[in-house]
Amino acid sequence: MRVLLVEDEHRLSDVIKKGLEENGFAVDAAFDGEEGLFLAQSEDYDLIILDIMLPKMDGLEVCRRLRNRNLNIPILLLTAKSQVEDKVAGLDSGADDYLTKPFAFLELRSRIQALLRRSRQEASPLLTLSNLQLDPIRHQTVRAGRKVELTPKEFAVLEFLLRHKNEVVTRTMITEHVWDYNFEGMSNVVDVFVAAIRRKIDKNSAVKLIHTIHGVGYKAGVETLVVSEVEP
Ligand code: CA
């Protein structure tokens, strides 16, 4: 999941970014409203965390402009004030939720998870494929009843693949959602991560769950045998 964080207080921005990265999110930080608006329109984010009091353009205006341009990404507003008018104005501007500073990181994380779930209209937060189960909230992965230990980035890559199960996803799609814009890694970084994930989840299973689609990318799914009919 890739998040845009627009917050001008550098210390708070650093704390949020670090916390989210530890939870497997990729985070781009912007420090004023104009930069935030620009990034929101040029990159592909899953969620935006937007402070209201920002230099150059306030968060409410950024929010309004994004909605006017039909960008329907979930937006969580941060506000230093707890006045009712701010909250009403925030939701009127098209934001999905708001959080009053100061807040606990766990509160922020659970609001984010709730917004992501709502935007995907999921009944259950669990992602499953055959006997593999991934819980994005508890950050747990289980294959055939056995717990699998994944690093935050491995978890994020697997989560992305499972959210698109039975679809072919390209390496670019994966890097755009799992790494932030400062990422200048090796071109084969996705392959390295997928190899590590496979070693961990497929270790004791005959059924392989991540398939290489040559020249394109990867697909999470259970391979079905294609039996071609033979003319009698
Ligand atoms: Ca601020």
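Colleague: Start with helix α8. How many residues does helix α8 have, and what distance does it reach from its first C-alpha to its last?

Modeller: This is a predicted model, so read every value as computed from it. Helix α8 runs over residues 189–201 and has 13 residues. From first C-alpha to last, α8 reaches 18 Å, close to the 18 Å expected at 1.5 Å a residue.

Colleague: Which residues in α8 are buried?

Modeller: The general idea comes before the list. An α-helix has 3.6 residues a turn, so residues three or four places apart point the same way. Now the case. The buried residues in α8 are V189, V190, F193, V194, A196, I197 and I201. Around the axis they cover an arc of only 160 degrees, which puts them on the same side of α8.

Colleague: Let me try α5. How many residues does α5 have, and what does it reach end to end?

Modeller: There are 16 residues in α5. First C-alpha to last, α5 reaches 23 Å, close to the 22 Å expected at 1.5 Å a residue.

Colleague: Which residues of α5 are buried, and which are exposed on the other side?

Modeller: Here buried means under 20% relative accessible area, and exposed means over 50%. L108, I112, Q113, L115 and L116 are the buried residues of α5. Their arc is only 165 degrees around the axis, which puts them on the same side of α5. L106 and R118 are exposed on the other side.

Colleague: What covers the buried residues of α5?

Modeller: The cover includes helix α1 (10–22). The strands β3 (47–51), β4 (75–79) and β5 are also part of the cover. After α5 comes Q121, with a positive phi near 50 degrees.

Colleague: Now the ends of a helix. Which residue caps the N-terminal end of α3?

Modeller: Look for a side-chain atom reaching a backbone atom. For α3 the cap is D58. One of its side-chain oxygens lies 2.9 Å from the backbone nitrogen of L60. Just after α3, N70 takes a positive phi of about 60 degrees.

Colleague: Which residues are buried in α3 itself?

Modeller: Helix α3 covers residues 59–68, and G59, L60, V62, C63, L66 and R67 are buried there. Seen down the axis of α3, these buried residues fall within an arc of 160 degrees, so they line one face of the helix.

Colleague: Next, a single charged side chain. Is K101 buried or exposed?

Modeller: Check the relative accessible area, then the partners. K101 is buried, because its relative accessible area is 15% and the cut-off for buried is under 20%. K101 sits in the loop between β5 (97–100) and α5 (105–120). Its side chain makes a polar contact with the side chain of D51, at 3.1 Å. Beyond neighbours within four places in sequence, K101 is in contact with E7, E9, L12, D51, L78, T79 and A80.

Colleague: And G217? Where does G217 lie, and what does G217 touch?

Modeller: G217 lies in strand β12 (residues 217–220). At 0% relative accessibility, G217 counts as buried. Not counting residues up to four places away in sequence, G217 touches V169, T170, R171, H211 and T212.

Colleague: Take L162 as well. Which residues is L162 in contact with, leaving aside its neighbours within four places in sequence?

Modeller: L162 lies in helix α6 (residues 152–163). Its contacts are with L127, L129, L132, L134 and A220. L162 counts as buried, at 5% relative accessibility.

Colleague: Zoom out. What domains does the domain assignment give?

Modeller: The assignment gives domain 1 (2–119) and domain 2 (127–224). Their centres, taken over C-alpha atoms, are 27 Å apart.

Colleague: How many residues of domain 1 are in contact with domain 2, and what area is buried between them?

Modeller: 18 residues of domain 1 are in contact with twelve residues of domain 2. The buried area is about 1,200 Å², and carbon and sulfur atoms give 43% of it. In domain 1, R2, G24 and Q113 lose the most area to domain 2, together 33% of what that side buries.

Colleague: Last, the whole chain. How many helices and strands are there?

Modeller: The chain has eight helices and twelve strands. Of its 232 residues, 45% count as buried. The C-alpha trace spans about 75 × 35 × 35 Å along its principal axes. Among contacts with a separation of 6 or more, residues 24 or more positions apart account for 58%.

Technical notes
Residues numbered from 1 in each chain as written. Predicted model: local features only at pLDDT ≥ 70, side-chain atom pairs only at ≥ 80, totals over all residues. Heavy atoms only, no water. Helix = DSSP H or I, 4+ residues; strand = E, 2+ residues; numbered from the N terminus. Buried < 20%, exposed > 50% of the residue type's maximum accessible area, 1.4 Å probe, protein only. Contact = heavy atoms within 4.5 Å. Arc of directions from axis to C-beta. Polar contact = N/O pair within 3.5 Å; in protein donor to acceptor, adjacent residues only side chain to side chain. Expected span 1.5 Å × (residues − 1). Domains from an automatic or database assignment. Buried area = accessible area lost by both parts, 1.4 Å probe.
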